[in-house]
Amino acid sequence: GLAELGVGNSYQRSMRVTGMIRAVASVVFISGAACLTEGDPVLFLSFDQPLPPMTTATEIAVSGSVLRSPADLSTIKVVTATGGAETAADTADSFGQFEMTIRLRPDATNLLVFVARDNSGATSSRTQWEVVQQPAP
């Protein structure tokens, strides 16, 4: 362990906390099942950045990626977003990258729900973002 290398206990605790923070941060932006090797295929949906909690814009751009476990590059992955002014969807490219523009319901709280599905029947967990659209002053 680290003690044999002369690393002190306080540094070890700091490294464990830092590792836990990194793990928690990763989970915040990625949704899906925890198992990567057993059972039915599953999709993991991640976002390039968090959505804004409030905006005066009438639409927002969303991008991210879809990962499938077990990997199967032949599947077609579609990400769908509901809860805005209309349903938005995009087919991920061969690297799993997607991007879409979501029209927001004006002067309203938009509860956007994202789900990824592929043509083999695999799905991701639902990921929700609440975005309040306020008219510009």
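Strands E5 and E6 pair in the antiparallel sense over four bridges; strands here are DSSP runs of at least two residues, numbered from the N terminus, and two of them pair if DSSP finds at least two bridges between them. The model is predicted, so local features need pLDDT of at least 70 and side-chain atom pairs count only at pLDDT 80 or more, whereas totals for chains, interfaces and linings use all residues. Residues are numbered from 1 along each chain as its sequence is written, and side-chain values use heavy atoms, with hydrogens and water left out.

Threonine 80 has alanine 89, in E6, as its bridge partner. E5 and E6 belong to an open sheet of five strands with mixed pairing, in the order E3-E9-E8-E5-E6. The edge strands, each pairing on one side only, are E3 (54–55) and E6 (88–91).

The largest nonpolar core has 21 residues, of which Val62, Phe98, Met100, Ile102 and Phe114 touch the most other members. Such a core is a set of buried Ala, Val, Leu, Ile, Met, Phe, Trp, Tyr and Cys residues joined through side-chain atoms within 4.5 Å; buried means under 20% relative accessible area, exposed over 50% and partly exposed in between, with a 1.4 Å probe and protein chains only. At least two residues of this core come from each of E2 (42–47), E4, E5, E7, E8 and E9 (127–133).

Three aromatic pairs are found in the whole structure. Rings of Phe, Tyr and Trp (its six-membered ring) pair if their centres lie within 6.5 Å; planes under 30 degrees apart count as stacked, over 60 as edge-to-face and the rest as tilted. Phenylalanine 47 and phenylalanine 98 form an edge-to-face pair, at 6.2 Å centre to centre and 85° between the planes. This pair links strand E2 to strand E7, across 51 residues. Phenylalanine 47 also pairs with phenylalanine 114; the ring centres are 5.0 Å apart and the planes lie at 75°, so this pair is edge-to-face. Phenylalanine 114 lies in strand E8, so the pair ties strand E2 to a part 67 residues away in sequence. Relative accessibility is 7% for phenylalanine 47 and 0% for phenylalanine 114. Ring pairs link Phe47, Phe98, Phe114 and Trp129 into a cluster.

Serine 46, also in strand E2, is buried at 16% relative accessibility. Its side chain makes a polar contact of 2.9 Å with the side chain of serine 65.

Note on methods. Polar contact = N/O pair within 3.5 Å; in protein donor to acceptor, adjacent residues only side chain to side chain.
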